[in-house]
Each structure stands twice: as structure tokens, then as C-alpha cells.
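Keep the 3D view open as you read.

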Amino acid sequence: MAQLDLARSDDRVYSLENDLALPSVPFGKEFPDRYRQIGIAEANLLGVASGLAQSGRIPYVNTFAVFASMRACEQMRVDLSYPKANVKVVGYYTGLSGGFAGPTHHCTEDIAVTTALPGFTVLSPADAYEAYLATQAAASVEGPVYLRASRGDTPMVYSSEYPFEIGKAVTLCEGSDVTIIATGCLVVPRAVEVASRLASRGISCRVLNMHTLKPLDVPAIVAAARETGLIVTYEDHNLLGGLGSAVAAVVLENEPVPVLRFGVPDVFCTRSDEYEEILDLYGLGVHDVYEAVMRRLR
């Protein structure tokens, strides 16, 4: 819907897909001349998007995250990053949210890949509302953007409007004893639940929704380290190269304090199951994080 609303106000906006949509989608019905169904050809999909960008259009590419960041990694690098192409890539089924689709469709490496590409802005909204805001904000960035998105139903984090700003973390809970820095659908609402459980034990927990992974909100991280003394990172991504790695580097360089990292271990998922169950399997449940923080603070 965000892409459609953008297209209504800007005739440069295009929407491209590779065999993910139903035969008739709202964008294609309303703007058939600006909708392209490329087919199962991800490298070509990004090449077409780059060409459109070079001719002054603003293409939004919609595909599975693993296909964009893995199968078409060279095109992300050479066709988008190198020429600073004004393309917005929306990757679905990020992390383990592919659930039953299994490891071929899970994507726990995309943060590491995309944040390493020069010139890329990387967004990771916390719920459907923020995904809408992030999609619209991406249009204002001159250059390539990668947006991590879930495809299934996930809990809502926001109950009212707020001003989304790229590169500025959102404080969801105030706290002075520990800070949880979380990113992504399902994980951020779990972080809020952890904070609530800690509060019931008299522990004041700050929660930062790090919806932008590049550029990272360094001042918010440094302030949290200085003011709370313990940082916890929480993400649906490989522990290597994701939010935890980036936050730990910032803390080490600016305000050294302990950092506890919660993410997917450096393995392929061994089970096809509901998304929530898989996260729990890898120690990313609310109770896991809560217990780890309690042990650290005892």
C-alpha cells in the first residue's frame, strides 16, 4: 500500500516483482504501465531496476530477502551500490520468518551483506505500520535502500502515529539499569515484553527500536551504554555481522560496557516450523532474554 500511495503522488515510482504476486495486484491494476512482473530471474530483476533508476525513475523491487541478498548479490553490488542507483529493494521473509519454507528461503545473512555495500541505506521496521513509514521514507533517500520485511502477521508495536526518521532509533521504553536494542518484526515487540517482565522485578529497562541499521544511530547507542551500563542486542539474524556486531563495535570504541548479544547462531536452521517456534528454538524467546539479563544483573 505504501508503494501505491507513493505512486499516486509521484509518477516516477515503479513497482517490480519476480513471480511473488497474485495475477492481479492493486499497484498493477491502478498503474499497469509502472508495474513490472519480471519472473523468476532475480539478477535480471535488479538489472531492470537499475536501468529504470538511471533513466530517472524510482523503482521499488519486491522479492524474498534471500534472493536479493544472496542469489543477486553481485547485482546488488555492481548494478545498485557501485552506480549509486536510486533503487529501493524490499526483501521479504527476512531472518527465520520463512518458517516452514526452510533454510533455502530463510535469510539470516542479509544485514551483513547489505550494510557492507557502500552507499546502501538499510531499514528494518518493527511492525506493519513502521514498514509503511519506512517504505515511504525510502523514496526520499537518493541512492539504494534495502528494507527488511516480514510477510506474515506479526504483533503491532505502535498504536499511534509518530515521525519516522531514517537513522534515528525510537525509544519504546525508558530505563536506567539496562538497554535492549532490538530490530525487526516480532523481535521488537518481544523486547518490549522482556522490559515489562524486568520492570515487575524492579529493573528499569530501556528499549530502543533500531529501525535503521545503516546509518546506525551511534549517539543513541553511546548514550544507552553510558546511562544504563549494560547493553543487550536482539535480532533475527546471524550473530555474525548483524545488529549485535555493529552495536558492540560502537560500544567498544566509545563507551565500553558489557554487551549481551541475542541472535541466530552461526548455523542453518534444522527445523521447518512456525516462525515463533523457530525463534524460541534458537534461544530468542522472551524468557531466554529475560533470564539472561537477570543472571547478569544478580
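Start where two helices touch. Ala43, Leu46, Gly47 and Ser50 on the α3 side meet Gln75, Met76, Asp79 and Leu80 on the α5 side. By class, this contact of α3 with α5 is made of four nonpolar residues, three polar ones and one charged. The model is a predicted one.

Now look at the geometry of the pair. Helix α3 covers residues 42-54, and helix α5 covers residues 73-81. Angles under 35 degrees count as roughly parallel, so α3 and α5 are roughly parallel to each other.

Next, pick out one residue of the contact. Ser50 sits in helix α3. Is Ser50 buried or exposed? Its relative accessibility is 9%. The cut-off for buried is under 20%, so Ser50 counts as buried. What is Ser50 in contact with, leaving aside its neighbours within four places in sequence? The partners are Asp79, Leu80, Ala85 and Val87.

Finally, turn to empty space. Rolling a probe the size of a water molecule over the atoms shows where such space is left. The structure holds one cavity of 30 Å³ or more. The largest cavity has a volume of about 90 Å³. Its lining consists of 13 residues. Nearest the centre of the cavity lie Thr94, Arg148, Gly184, Cys185 and Tyr275. The lining divides into five nonpolar, six polar and two charged residues.

Technical notes. Residues are numbered from 1 along each chain as its sequence is written. This is a predicted model: local features need pLDDT of at least 70, side-chain atom pairs count only at pLDDT 80 or more; totals for chains, interfaces and linings use all residues. Side-chain values use heavy atoms; hydrogens and water are left out. Axes are lines fitted to C-alpha atoms, for helices over the stretch in contact, and angles run from 0 to 180 degrees between N-to-C directions. Helices (H or I, at least four residues) and strands (E, at least two) are DSSP runs, numbered from the N terminus. Angles under 35 degrees count as roughly parallel, over 145 as roughly antiparallel, 65 to 115 as roughly perpendicular and the rest as oblique. Contact means heavy atoms within 4.5 Å. Ala, Val, Leu, Ile, Met, Phe, Trp, Tyr, Cys and Pro count as nonpolar, Asp, Glu, Lys and Arg as charged, and the others, Gly among them, as polar. Buried means under 20% relative accessible area, exposed over 50%, partly exposed in between (1.4 Å probe, protein chains only). On a 1 Å grid over the protein atoms alone, a cavity is a set of points where a 1.4 Å probe fits but cannot get out, and a pocket is an open set with protein on both sides within 12 Å along at least five of seven lines; lining residues have an atom within 4 Å of a point. Grid points are joined across faces, edges and corners, and a volume is the space filled by probe spheres set on the points.
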